[in-house]
Amino acid sequence: MSLQTLNHFFQNLKQRLMPIAKARTILALIALFFVYYSNHVSIWAGDSFGSSVFAANLIQNHTIYFDAVTKHQFWPSDAFFFTPTVTKHTFSSYPLLPMLIYAPFNAIYYFLSPDCVVPVFSAEFESCRLSSDKFSSAILATIAALLFYRIAAFVLRHRCSAFLATIFYALGTNHFITSSQSNWQHGPIELLCLIAIGLTLGVWTKNSSLFKPTLDWVKSFVLFFILGLLIWLRVTNGIWALPFFFWLASHRRQDRFGRLVLAAAVGLCFGMLGYVWNYREFGSFIGGYSTLLSGPLVEVSPRQFYEGAHGLLLSAGRGIFFITPIVVLAFAYWPRATATPESSRFQLLNAWRLSAVGLLIFYCFYRIWWGGWSMGARLLTDSMPILVLCAAVAVEKSRSKYFKLIYLVAGIVGVGNQLCLAFGASGLYGHQYDRLNFSNPEIAYKNWHDPALLRAYLAVYNKAFYPASFWADEIATENSSACILSGAASDLEIEVVNRGSAIWIGFQGGSSSPPQLSLLVNGRSEIFFLKNRFVGPGQNGKFVNFKNLPRGTSTVEQLSWGNRALSLRC
């Protein structure tokens, strides 16, 4: 057999295997989508509400404004959902761009689901809204994972390395628990950043006639148009400008460099036209965000920097080194600059990596560094694509078997953490896993006795080995009886005896719907939640209230267990 015949044989074999490889890719994407979509719990917050109803409102009311919502309907017109504009309309307090990006996918679900044929701002529409919110987020997150794989396959030498890095990114970072679960702004930011990373590295332009060297001005326009969109979406995204300008500066010796600069300027201006919309509707360039600001969000001080850095990196509830440890390896390899195409790509990766560091430093000065009602280091979600990619590059360049083992273990730990955060979420529809809204930094930051990650693992364990009836507080109260052993509302802690036959699973046991007591305190109803992990029959459990009631002045007037009034003492 001649060499030419052998070569012809392998070419035919490659052509026959290509459809199989494409089919495997499609099946992998479908599987990833169902992983994102299959935890049966909607994990959302007020940030995503406008995006999740935008398409349905446009279809039903034929307007982008939310004028149909009133204070007497299901969702009140408050600042965290909707706000009046200076043009006498009602609109979301959050940016328009994510709504436009999520709208096509939410519209698909709207037309496919029979639950959506009800008025958009009604209680009956809530089931459609929550499912649509997860559906569209899962699709966008899956698309982002595909883009990441294409970039990783271009940068890394081995396809298996690219596939493994994609698994660690898609399932082992906050891309999972944040971007794939709700219509947060992070999903569109990650998508735009991935497109821009691919453009700067030359992934999308390798075989494209549109982006030939003679038409680099088109690429320049598109890149800076994306940068403009990022800045419009969130002002802090201006930190990502470094790799864009680094790419532009790398072409400074070309004859048409002036044309590239002009195209970049025009693209940036077009991308930032959204600021005209913001000012027209809200009288402020930051748009609806201006209605949410009750004070300065940034505090430039050593104390704030320490608190933010410690919280974002090492805290119990938000520490990225514990929740996504693979990002530590992103800084293990800093290539030297040489006059080779590979070195040029790595220098661009360095620019992206430095921007990710800049984002971290900025959020260290951010007073709400914990990211509100969320899980993990939500505010650092946007930097996950580049950090995981740089970690994969560092591992491929390393010759140490121990370093590769650390990479593998760190990636698996991240995947386990994200799966437990997503599938451990057991609250009622519309509730985050932290039902008690642990936006309090004192809890998210210092609570090592009961970190959210531990509760997530316990929740998965309890779901596997305990009956479902132990989880819902309504069922627990129907099947159990209780009485107060000691305590008063002034102590912010009440000890209660389980006199029934069911096991109580409390908040520290991973239940986001723990048994609860309703107390009438000083004429006002207060809810106390079961704090313990497990309280068996005959055992004592502690019910706590996290609203910091005034000590020494609160007297319990009435206690309710479900729909039954209980005696104040056993």
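Contact is taken here to mean heavy atoms within 4.5 Å. The structure is a predicted model, in which local features need pLDDT of at least 70 and side-chain atom pairs count only at pLDDT 80 or more, whereas totals for chains, interfaces and linings use all residues. Residues are numbered from 1 along each chain as its sequence is written, and side-chain values use heavy atoms, with hydrogens and water left out.

The secondary structure of the protein comprises 19 helices and 11 strands; helices (H or I, at least four residues) and strands (E, at least two) are DSSP runs, numbered from the N terminus. Of the 570 residues, 54% are buried, where buried denotes under 20% relative accessible area, exposed over 50%, and partly exposed the range in between (1.4 Å probe, protein chains only). Among contacts between residues at least 6 apart in sequence, 74% join residues at least 24 apart. The accessible surface amounts to about 25,700 Å², and 64% of this belongs to carbon and sulfur atoms; accessible areas come from the Shrake-Rupley method with a 1.4 Å probe, and for residues only the protein chains shown count as cover.

Helix 3 (residues 96-112) packs with helix 8 (residues 216-233) at an angle of about 115°, and the axes are 8 Å apart. Axes are lines fitted to C-alpha atoms, for helices over the stretch in contact, and angles run from 0 to 180 degrees between N-to-C directions. In this contact, Leu 96, Leu 97 and Pro 98 of helix 3 meet Leu 229, Trp 232 and Leu 233 of helix 8. The contact contains six nonpolar residues, with no polar and no charged ones. In this classification, Ala, Val, Leu, Ile, Met, Phe, Trp, Tyr, Cys and Pro count as nonpolar, Asp, Glu, Lys and Arg as charged, and the others, Gly among them, as polar.

Positive phi values occur at two loop residues other than glycine. His 62, in the loop between helix 2 (49-61) and strand 1 (82-84), has a phi of about 55° and is exposed, with a relative accessible area of 67%. Lys 88, in the loop between strand 1 and strand 2 (90-92), has a phi near 70° and is likewise exposed, at 76% relative accessible area.

A nonpolar surface patch is formed by Leu 262, Val 266, Phe 270, Leu 273 and Val 276, which together have about 470 Å² of accessible area. Patches are made of residues with over 30% relative accessible area and no salt bridge, like charges being joined within 9 Å and nonpolar side chains (Val, Leu, Ile, Met, Phe, Trp, Tyr) within 5 Å. Helix 10 (residues 257-271) supplies the largest share of the patch, three residues. Phe 270 lies in helix 10 and is partly exposed, with a relative accessible area of 47%.

Six salt bridges are found in the whole structure, a salt bridge being a side-chain nitrogen of Lys or Arg within 4 Å of a carboxyl oxygen of Asp or Glu. In one of them, Arg 234 pairs with Asp 382, with the closest N and O atoms 3.8 Å apart. This pair links distant parts of the chain, 148 residues apart, and both Arg 234 and Asp 382 are buried. Glu 299 forms salt bridges with Arg 303 (3.0 Å, N to O) and with Arg 367 (3.9 Å, N to O). Arg 367, in the loop between helix 14 and helix 15, and Glu 299, in the loop between helix 11 (274-282) and helix 12 (302-314), are 68 residues apart. Salt bridges that share partners join Glu 299, Arg 303, Glu 307 and Arg 367 into one network.
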